[in-house]
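Please look over the sequence and the structure shown here before reading on.

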Amino acid sequence: MPGYPVLAPAAYYDQTGALVVNAGARNGIGAPVRLVAPAPVIISSSAAQAAVAAAAASANGAAGGLAGTTNGPFRPLGTQQPQPQPQQQPSNNLASSSFYGNNSLSSNSQSSSLFSQGSAQPANTSLGFGSSSSLGATLGSALGGFGTAGGLTNGSGRYISAAPGAEAKYRSASSASSLFSPSSTLFSSSRLRYGMSDVMPSGRSRLLEDFRNNRYPNLQLREIAGHIMEFSQDQHGSRFIQLKLERATAAERQLVFNEILQAAYQLMVDVFGNYVIQKFFEFGSHEQKLALAERIRGHVLSLALQMYGCRVIQKALEFIPSDQQVINEMVRELDGHVLKCVKDQNGNHVVQKCIECVQPQSLQFIIDAFKGQVFALSTHPYGCRVIQRILEHCLPDQTLPILEELHQHTEQLVQDQYGNYVIQHVLEHGRPEDKSKIVAEIRGNVLVLSQHKFASNVVEKCVTHASRTERAVLIDEVCTMNDGPHSALYTMMKDQYANYVVQKMIDVAEPGQRKIVMHKIRPHIATLRKYTYGKHILAKLEKYYMKNGVDLGPICGPPNGII
């Protein structure tokens with residue numbers, strides 16, 4: 001608009017918050033002008049006539065200008081004529097922004113306003129007034145120069161400063177944009193605004209952040225397409241996917257599966273992602289399970305030793321049929337690393353699951369690795385578990401060499417904090433001949449071993465699982481043996497560990513032998529009341545007296561004739 005004198009009055013907010021435009025002597029407007037919406041803007045008639053011409057040029061002949069100043073948006077204040085002012089030539093590259101609109105100072109102008117866009121960006125729309133609007137175009141043309149001389153706005157219409165030089169400081173920043181401009185992300189239109197590049201300060205995408213803040217309580221799997229990996233590695237997102245997969249359709253599962261397959265290993269070792277992979281082994285199709293198993297191949301050892309990966313392998317072994325070739329290939333990857341896995345806090349679980357789920361013929365390499373190592377592994381916190389799984393699931397010809405090594409070290413194992421569990425397992429699940437070998441090791445040492453923290457558990461199992469004859473021998477040993485001035489039975493009743501062996505003997509003894517035990521206990525009833533563990537024995541006796549109305553009667557030998 002060369003040749004048009006730009007109105008650039010200084011402005012300020014008064015106590016009521018209204019915008020006051022004070023032209024001063026520079027523009028020839030005699031008195032301050034207060035702009036109060038929605039009342040018409042008051043300005044001199046001569047300036048209004050000039051604004052009409054400017055608006056017509058800016059809007060390219062748009063209808064509805066200020067032709068009728070009396071009825072238009074501008075109402076003349078009076079007949080006072082403004083003093084002529086020298087023309088003010090704007091800069092060609094000025095990017096200005098005002099409260100009411102943009103002036104068309106240059107084709108390079110990149111600015112937006114609250115009400116309208118200048119002619120440099122005709123495609124953009126405004127909040128309420130487009131480029132053809134008389135109010136938007138006229139006010140943008142008449143007042144758009146506020147940022148050019150003396151008054152500076154921040155794009156939202158509020159003045160930042162009217163001090164000289166403030167405009168230059170503001171102009172050096174990036175091009176201004178308003179709160180409601182098309183580029184604003186504050187009022188996005190729909191969920192389509194979410195993109196992988198839309199990252200929040202937390203590092204999460206906006207979609208995940210909104211989900212974590214409960215803004216989408218009914219979110220569906222199809223709506224997080226493109227974000228499956230991110231959700232899988234988030235605590236709440238992973239839980240969401242797990243729950244949805246349990247009831248998802250085949251198409252929804254495939255949608256998720258397509259995104260996680262290529263990065264399956266990354267999820268397998270992730271604290272939250274591993275659960276998503278596990279869900280596919282539980283609820284996925286057979287093809288999906290095999291595809292994930294292929295992703296495990298080549299990484300079995302590293303996954304088996306990893307906290308989260310070991311869980312994925314266990315789930316794969318559990319839900320993929322053992323006759324599948326991929327399972328045998330996975331298990332064979334552990335060959336040569338069996339002992340390392342067995343002694344590892346994560347790997348031992350994988351070896352146990354292999355023994356439980358895989359056909360025993362495919363596990364001979366594990367049995368071979370244990371030769372000469374049975375005692376060491378039986379006294380290991382993790383190895384003792386694997387030994388027990390072998391005794392449970394492997395073939396007799398595979399367990400035989402394991403048992404032979406165990407019998408060579410029974411005395412040490414029954415007193416070991418881990419080995420005693422292996423011996424107990426043999427007593428519970430082993431062959432009769434193996435049980436008898438262990439009972440033979442216990443005979444003659446019942447009193448001593450019953451007072452041992454770990455061995456006392458083995459003695460209890462011997463009393464419980466031995467044959468009737470062997471059980472009677474063990475109980476008789478306690479009743480007839482003396483420990484100094486007192487009987488062995490009396491010593492055991494006061495002991496913190498052995499008292500449980502006596503209770504077990506009372507429970508499992510034949511009726512005749514139980515009477516003998518009770519007669520042995522009766523003289524010590526008064527003394528037992530003084531001891532914490534002796535009270536347990538008295539409680540057991542009272543239970544039998546009240547429950548069965550036991551009359552001890554005359555003492556006689558047990559019916560099996562051993563005593």
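## A pair of helices

To compare two helices, each is given an axis, which is a line fitted to C-alpha atoms over the stretch in contact, and the angle between two axes runs from 0 to 180 degrees between their N-to-C directions. In this predicted model, helix H26, which covers residues 468-480, packs with helix H29, which covers residues 511-521, at an angle of about 15°, and their axes are 11 Å apart. Because angles under 35 degrees count as roughly parallel, H26 is described as roughly parallel to H29.

The crossing in which H26 passes H29 is left-handed. On the side of H26 the contact is made by Ala472, Ile475, Asp476 and Cys479, while H29 contributes Gln513, Val517 and Lys520.

## Salt bridges between separate parts of the chain

Over the whole structure, a search finds 18 salt bridges. One of them pairs Arg212 with Asp234, whose closest N and O atoms are 2.7 Å apart. Since Arg212 lies in helix H5 and Asp234 in the loop between H6 and helix H7 (235-247), this pair ties together parts that are 22 residues apart in sequence. Arg212 counts as partly exposed because its relative accessibility is 26%, whereas Asp234, with a relative accessible area of 8%, is buried.

Another salt bridge is formed by Glu246 and Lys279, with the closest N and O atoms 2.6 Å apart. This pair links distant parts of the chain, for Glu246 is in helix H7 and Lys279 is in helix H10 (residues 273-283), 33 residues apart. Glu246 is partly exposed, with a relative accessible area of 26%, while Lys279 counts as buried at 11% relative accessibility.

Because Lys353 and Glu356 are three residues apart in helix H16 (residues 347-357), about one helical turn separates them. Lys353 is buried, with a relative accessible area of 16%, and Glu356 counts as partly exposed at 35% relative accessibility.

Salt bridges can also share partners, and in this way Arg204, Glu209, Arg212 and Asp234 are joined into one network.

When residues up to four places away in sequence are not counted, Leu261 touches Ala291, Leu292 and Arg295. The C-alpha atoms of Leu261 and Ile277 are separated by 9.3 Å, and these two residues are 16 residues apart along the chain.

Asn214 belongs to another loop, the one between helix H5 (206-212) and helix H6 (228-232). Its relative accessibility of 67% is the reason why Asn214 counts as exposed. The backbone angle phi of Asn214 is near 60°, which is a positive value in a residue other than glycine.

Methods
Residues are numbered from 1 along each chain as its sequence is written. This is a predicted model: local features need pLDDT of at least 70, side-chain atom pairs count only at pLDDT 80 or more; totals for chains, interfaces and linings use all residues. Side-chain values use heavy atoms; hydrogens and water are left out. Contact means heavy atoms within 4.5 Å. Helices (H or I, at least four residues) and strands (E, at least two) are DSSP runs, numbered from the N terminus. Angles under 35 degrees count as roughly parallel, over 145 as roughly antiparallel, 65 to 115 as roughly perpendicular and the rest as oblique. A crossing is left-handed if the near helix is turned anticlockwise from the far one by less than a right angle, and right-handed if clockwise. Buried means under 20% relative accessible area, exposed over 50%, partly exposed in between (1.4 Å probe, protein chains only). A salt bridge is a side-chain nitrogen of Lys or Arg within 4 Å of a carboxyl oxygen of Asp or Glu.
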